[in-house]
Amino acid sequence: MTTIANPADTLLFETSVEGRRCLRLPELDVPKVDLKQALKGAKLRAKPANLPEVGELDLVRHFKNLAQKNFSVDRNFYPLGSCTMKYNPKINVTLLCSPGFTRAHPHLPEADLQGHIELMYNLEGYLREVSGFPAVTLQPAAGAQGEMTGLMVIKAYFEEKGEGKTRTEIVIPDSAHGTNPATAALAGFKTVTLKGKPDGSVDLELLKTLVGPQTAGMMITNPSTLGLLEPNMVEIAKILHAHGAQLYMDGANMNAIQGIVRPADYGVDVMHFNLHKTYSVPHGAGGPGAGPIGVASHLEPFLPVPRPVKNEDGTFSLDSKRSKSIGKVRSFFGNYGALVMAYIYMSQLGREGVRRAAENAVLGANYLRVKLRNEFKVFTDRVCAHEVVFTDAIQAKNDIHALDVAKRLIDYNIHPMTIYFPQANVTNGEGAMMVEPTETESKQTLDFFVDVMKKIAQETKENPQLLKEAPHNMPVVRLDEVRASTQPQLYCPMCMA
Ligand SMILES: Cc1ncc(COP(=O)(O)O)c(C=O)c1O
């Protein structure tokens with residue numbers, strides 16, 4: 001059957017017709033200027049850019065259609081595990097767009113930045129309260145930069161103690177987020193992998209054999225990438241502290257525990273938050289986000305500058321004169337817009353709301369775990385945190401794997417869950433399907449997801465080919481995702497012609 005191409009679905013280069021325009025300007029009524037003369041020295045194009053020539057309506061339809069193809073939380077369910085694709089209240093952006101924020105320049109004198117410094121000071125206060133740490137910095141612009149800042153702070157601490165050269169190792173459980181070992185390596189540490197127990201928790205006896213005078217610290221993601229809370233945090237902290245080592249907690253998943261427990265009370269020394277996961281700053285498309293860190297008091301002197309401080313007379317200042325500080329990790333005040341959104345979100349929720357958000361996130365994930373446990377194997381079938389890891393062990397008997405299930409979800413207008421993360425070496429070779437519903441989804445949406453997943457489980461047995469060829473309603477179907485990330489083509493060949 002021949003397909004009939006709709007011009008609204010084709011590339012602008014394909015609909016381009018020489019001489020077609022969106023807008024025709026009237027004849028010049030001022031003297032013509034020679035560009036070469038007027039822009040002397042500028043690198044002007046030798047020939048005009050090869051741009052498509054289209055009418056306004058074609059252009060509008062093209063971009064409207066493209067926008068509709070964009071999958072977003074605002075349109076459909078997005079249970080992408082480990083990414084917390086929750087709904088972010090529109091008021092965050094509405095208020096952030098007010099001129100007081102958008103027109104403020106970071107070089108304004110301190111006297112004119114009072115409200116901004118106060119906002120940062122108060123946000124640090126919220127994060128101190130929710131984590132239990134006596135000091136927080138808002139500077140890091142992402143979770144991974146928070147990790148880097150935390151490790152730099154730990155390094156500076158050991159250097160001051162004269163142990164900078166000997167504390168060379170960071171222990172990392174195999175259920176940690178991938179950024180943890182990457183950051184440790186980038187910060188110049190040797191990473192030592194700690195194999196988890198079959199139930200996903202830390203093997204304390206094994207940990208004891210790995211920690212010694214060479215250990216700078218341990219980086220633990222809690223809740224882990226298996227969506228599980230670590231039951232032995234206090235013991236883990238004791239083991240590390242007995243050897244003078246530091247405990248770093250990846251707190252990007254605070255949405256499971258905020259308002260219920262405080263990581264500093266476990267004995268954690270440093271932790272980063274992901275404001276773009278937990279605190280309602282939009283997550284995805286490369287940011288911008290924010291990865292503040294909280295630290296115990298012995299690490300506070302090493303935090304990056306500047307630090308917002310409240311003076312005795314009630315005014316606010318930015319303190320950059322801190323002799324032990326690791327210096328600046330980000331220009332100006334970090335990703336300020338992200339900080340404003342997190343501040344609005346936290347002040348709207350308040351203490352009770354923050355706790356309720358965590359409770360609902362955990363409730364939603366456990367609801368899905370229990371509702372789907374007969375159709376899909378739950379990797380560790382115990383009470384989970386804010387996300388649940390299923391595997392494709394049952395479906396593999398019909399040669400259907402995590403990728404096929406994820407692709408079939410697209411046909412039901414649900415964004416695929418995160419697949420093959422945690423990696424196969426953690427899940428004993430089974431394909432992981434990590435589902436994070438988030439606290440913002442209604443029971444109706446969760447039930448819709450359950451029904452769809454059950455239908456997919458049935459299709460696996462009755463018509464596996466349907467899954468193998470999914471998705472069926474997309475302009476492109478099975479992309480070579482490995483090639484796309486290993487050999488990206490970062491230019492448009494048509495524009496270059
Ligand atoms: C548990 C965990 N740690 C660290 C990160 C890294 O954060 P970022 O992508 O902001 O660098 C993420 C990102 O989602 C995460 O989920």
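This is a predicted model: local features need pLDDT of at least 70, side-chain atom pairs count only at pLDDT 80 or more; totals for chains, interfaces and linings use all residues.

User: Into which domains is the protein divided, and how many residues does domain 3 contribute to its contact with domain 2?

Analyst: The protein is divided into domain 1 (7-69), domain 2 (91-348) and domain 3 (354-486). In the contact between domain 2 and domain 3, domain 2 supplies 19 residues, which divide into 9 nonpolar, 8 polar and 2 charged. From domain 3 the contact takes 20 residues.

User: Is helix H3 buried or in the open?

Analyst: Helix H3 covers residues 56-69 and has 14 residues. The number of these that are buried is 0, so H3 lies largely in the open.

User: Which residue of E7 is the bridge partner of methionine 271?

Analyst: Strand E6 (residues 270-273) pairs with strand E5 (residues 246-251) in the parallel sense over 4 bridges, with methionine 249 as the bridge partner of methionine 271. Strand E7 (residues 293-295) runs antiparallel to E6 and is joined to it by 3 bridges. In E7, the bridge partner of methionine 271 is glycine 294.

User: Which residue of E6 points the same way as Met271?

Analyst: In a regular strand, side chains alternate between the two faces of the sheet. In E6, Val270 and His272 point one way, and all four residues, these two included, are buried.

User: How many charged residues are in the shell around the ligand?

Analyst: Of the 15 residues around the ligand, those that come nearest are Ala142, Gly143, Ala144, His177 and Ala252. The shell divides by class into 4 nonpolar residues, 9 polar and, as charged residues, 2.

Note on methods
Residues are numbered from 1 along each chain as its sequence is written. A residue is buried if 20 or more other C-beta atoms lie within 10 Å of its own, exposed if 12 or fewer, and partly exposed in between; C-beta atoms are placed from the backbone. Two strands pair if DSSP finds at least two bridges between them. A residue is near a molecule or strand if its C-beta atom, placed from the backbone, lies within 6 Å of it. Ala, Val, Leu, Ile, Met, Phe, Trp, Tyr, Cys and Pro count as nonpolar, Asp, Glu, Lys and Arg as charged, and the others, Gly among them, as polar. The expected span of a helix is 1.5 Å times one less than its number of residues. Domain bounds come from an automatic or database domain assignment. Two residues are in contact if their C-beta atoms, placed from the backbone, lie within 7 Å.
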